[in-house]
Amino acid sequence: MGSRSPGETLCASCDVVSRGGPPAFYVRGPIALWRGDVRTISKWWRWKGHAIWDPPYSKHTHSKSRRGTTGADRRLDLGPSIANNFGFAHLSASFRRFMARESKRLCSRWGIVFSDTESDWLWRHSLSGAGLEYVRTMFWVKEGGTPQFTGDRPAVAVEAMTLVHPKGRKRWNGGGKRGIYEIPIVREHGKEPRLHTTQKPEELLIALTDDFTDPGDIIYDFTAGVCTGAVGAIRGAGGPRFWIGCEIDPEVETDNCASCGSPKAKRHRGHDFTAKRDRVFVARAVARIEAELDGSTYHAAAAGQRPL
């Protein structure tokens with residue numbers, strides 16, 4: 001597949017374009033982000049590295065997920081919780097198998113995929129079937145996670161991270177510590193911008209980057225979302241990693257002003273806050289990455305955005 005690595009003479013986007021593929025939507029420093037269906041884009045990627053990605057979860061998880069209601073929701077008498085609308089479909093078996101094959105092709109070292117705990121065995125089966133060696137199932141303990149609104153069973157406490165590696169010698173930077181990461185969820189109005197209800201904490205992605213990769217390594221992200229993985233790659237201990245990601249950028253519902261983008265919460269007169277569908281994932285992700293590379297902090301509230 002070629003041994004040239006990013007930074008020698010070509011960036012990832014330049015390499016893809018030089019072979020007739022689509023250019024990245026955004027390129028700056030160690031970051032290359034494509035917008036579109038990864039099933040048509042990742043075939044152009046060829047450099048070996050790691051893969052850390054957070055795909056859609058199972059149909060069961062999507063159908064059962066709920067969030068607490070806000071003040072505005074309660075004024076509409078919607079009860080203590082309402083169903084989550086993630087803005088994208090649940091994971092299909094064919095997409096899971098595709099990502100397993102691409103992980104086998106692109107991973108020279110670690111592959112880490114997030115899932116609900118009930119689906120860990122499916123990822124283990126698909127990744128092993130593609131030729132990677134299953135190493136361990138790790139867990140993110142979701143401190144401050146959503147309670148069980150029905151009260152008739154325990155709430156979800158953890159999410160799984162299926163860890164794989166090509167067959168052969170393995171190395172990581174974590175020594176003998178356990179594969180458990182106890183890190184708070186991203187909260188609205190917290191220190192980290194909450195751009196989507198399913199996003200993983202920056203602290204978690206930085207910890208995984210530090211434990212499993214080295215400065216100058218390549219990290220692939222097949223389902224980039226709001227690009228928290230890129231933040232981890234930029235902030236990684238010892239120096240940045242090269243991050244190559246793709247996000248399909250689905251249309252999601254937003255009620256920001258149609259003319260100026262002001263958030264509905266501001267209630268300005270003369271603004272159109274009619275709910276509409278728009279592609280905003282990548283725009284928000286790029287603004288976040290730009291701030292990170294510039295050494296500043298990106299806050300969704302300051303940018304006039306609400307979590308999707």
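What distance should the 14 residues of helix α5 span, and how far apart are its end C-alpha atoms? At 1.5 Å a residue, helix α5 (residues 93-106) should span 20 Å, and its end C-alpha atoms are 20 Å apart, so the two values agree. The expected span is 1.5 Å times one less than the number of residues; helices (H or I, at least four residues) and strands (E, at least two) are DSSP runs numbered from the N terminus.

The model is predicted: local features need pLDDT of at least 70 and side-chain atom pairs pLDDT 80 or more, while totals for chains, interfaces and linings use all residues. Residues are numbered from 1 along each chain as its sequence is written, and side-chain values use heavy atoms, with hydrogens and water left out.

Helix α5 has buried residues (under 20% relative accessible area, with over 50% exposed and partly exposed in between; 1.4 Å probe, protein chains only). They are F95, R96, F98, M99, A100, E102, S103 and L106. Their cover includes α2 (38-41), β3 (49-53), β6, α6 (120-129) and β10 (218-221). F95 also has R39 over its ring face, at 5.0 Å from the ring centre; such a charge is NZ of Lys or CZ of Arg within 6 Å of the ring centre and within 35 degrees of the ring normal.

In soluble globular proteins, nonpolar side chains tend to be buried together. A nonpolar core is a set of buried Ala, Val, Leu, Ile, Met, Phe, Trp, Tyr and Cys residues joined through side-chain atoms within 4.5 Å. The largest nonpolar core here has 29 residues, of which L208 and W243 touch the most other members. Among the elements that give two or more residues to this core are β6 (107-115), β7 (133-143) and α7 (202-212). A second, separate core of 28 residues includes V16, W123, V164 and Y220.

The whole structure holds eight aromatic pairs, meaning Phe, Tyr or Trp rings (for Trp, the six-membered ring) with centres within 6.5 Å; planes under 30 degrees apart count as stacked, over 60 as edge-to-face and the rest as tilted. W53 and W123 form an edge-to-face pair, 5.8 Å centre to centre with 80° between the planes. This pair links strand β3 and helix α6 across 70 residues. W53 counts as buried because its relative accessibility is 0%, and W123 because its value is 1%. W110 and F212 have ring centres 5.3 Å apart and planes at 75°, so this pair is edge-to-face. W110 lies in strand β6 and F212 in helix α7, so the pair ties together parts 102 residues apart in sequence.

Definitions and conventions
Contact = heavy atoms within 4.5 Å.
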